[in-house]
Amino acid sequence: MKKRICFQAVATLVFSLNVCVADTGNMFSSPVAPVGPAKTVGQTISQKTAILPGENTMKLIIRTGNDRLTATLSDNAATRDFISLLPVTVTLEDFNKTEKIAMLPEKLSTAGLPSGYTPSEGDIAYYVPWGNMCVFYRDFRYSDGLVHFGKTEGNGIGHFRGDGPVTVTISLQE
């Protein structure tokens, strides 16, 4: 008797699942929402639109006094959150004779990102455990908790070498 009840319960469950699938159609064929345009100045973090690789490459302008450095941004969650903080002026302090760092006013999202990477000269990154941005003026070893969100262009990274602090204003290129 117990075996018969279990069989009937399983048969009823399977039949119910088949009816649900039949009513809703193929669950893998639902349309995907289109990706919006690249993030522009003035949009907020809550809008979370995509930076489209190769189509609308986003660039940063990093000003140190009268000098200007350009950086190309990566398309990831941390970068999108960082963009929402711009424009921002920070004082970058030397760390480990390898990079300049500054605390950010809020934590950045790292959803779907690798747990670390190997930075090279000119990289702009986010160090998750401390919540700070980094500008590498020397190559460094693989680091857990480090997220890449940009790369400086040209030879302007020399402004960041040395022990002293560097005050920079970072904004999106218009």
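Analyst: K151, at 31% relative accessibility, counts as partly exposed, whereas D123, with a relative accessible area of 4%, is buried (buried means under 20% relative accessible area, exposed over 50% and partly exposed in between, with a 1.4 Å probe and protein chains only). The model is predicted, so local features need pLDDT of at least 70 and side-chain atom pairs count only at pLDDT 80 or more, while totals for chains, interfaces and linings use all residues. Residues are numbered from 1 along each chain as its sequence is written, and side-chain values use heavy atoms, with hydrogens and water left out.

K151 and D123 form a salt bridge whose closest N and O atoms are 3.2 Å apart (a salt bridge is a side-chain nitrogen of Lys or Arg within 4 Å of a carboxyl oxygen of Asp or Glu). Because K151 lies in strand 9 and D123 in strand 6, the pair ties together parts that are 28 residues apart in sequence (strands are DSSP runs of E with at least two residues, helices runs of H or I with at least four, both numbered from the N terminus). D123 also has K151 as its bridge partner in strand 9. Strand 6 (residues 123-127) and strand 9 (residues 146-152) run antiparallel and are joined by 5 bridges (two strands pair if DSSP finds at least two bridges between them).

These two strands belong to a barrel that 8 strands close in the order 1-2-9-6-7-4-3-10, with antiparallel pairing. The twist averages 35 degrees from one strand to the next (axes are lines fitted to C-alpha atoms, for helices over the stretch in contact, and angles run from 0 to 180 degrees between N-to-C directions). Helix 2 (residues 77-84) lies across several strands, including strand 9, to which it runs at about 65 degrees (contact means heavy atoms within 4.5 Å).

The structure holds 6 salt bridges, and another of them joins the side chains of K59 and E153 at 2.5 Å, N to O. K59 lies in strand 1 and E153 in the loop between strand 9 and strand 10, so this pair ties together parts that are 94 residues apart in sequence. K59 counts as partly exposed at 24% relative accessibility, and E153 likewise counts as partly exposed, at 30%.
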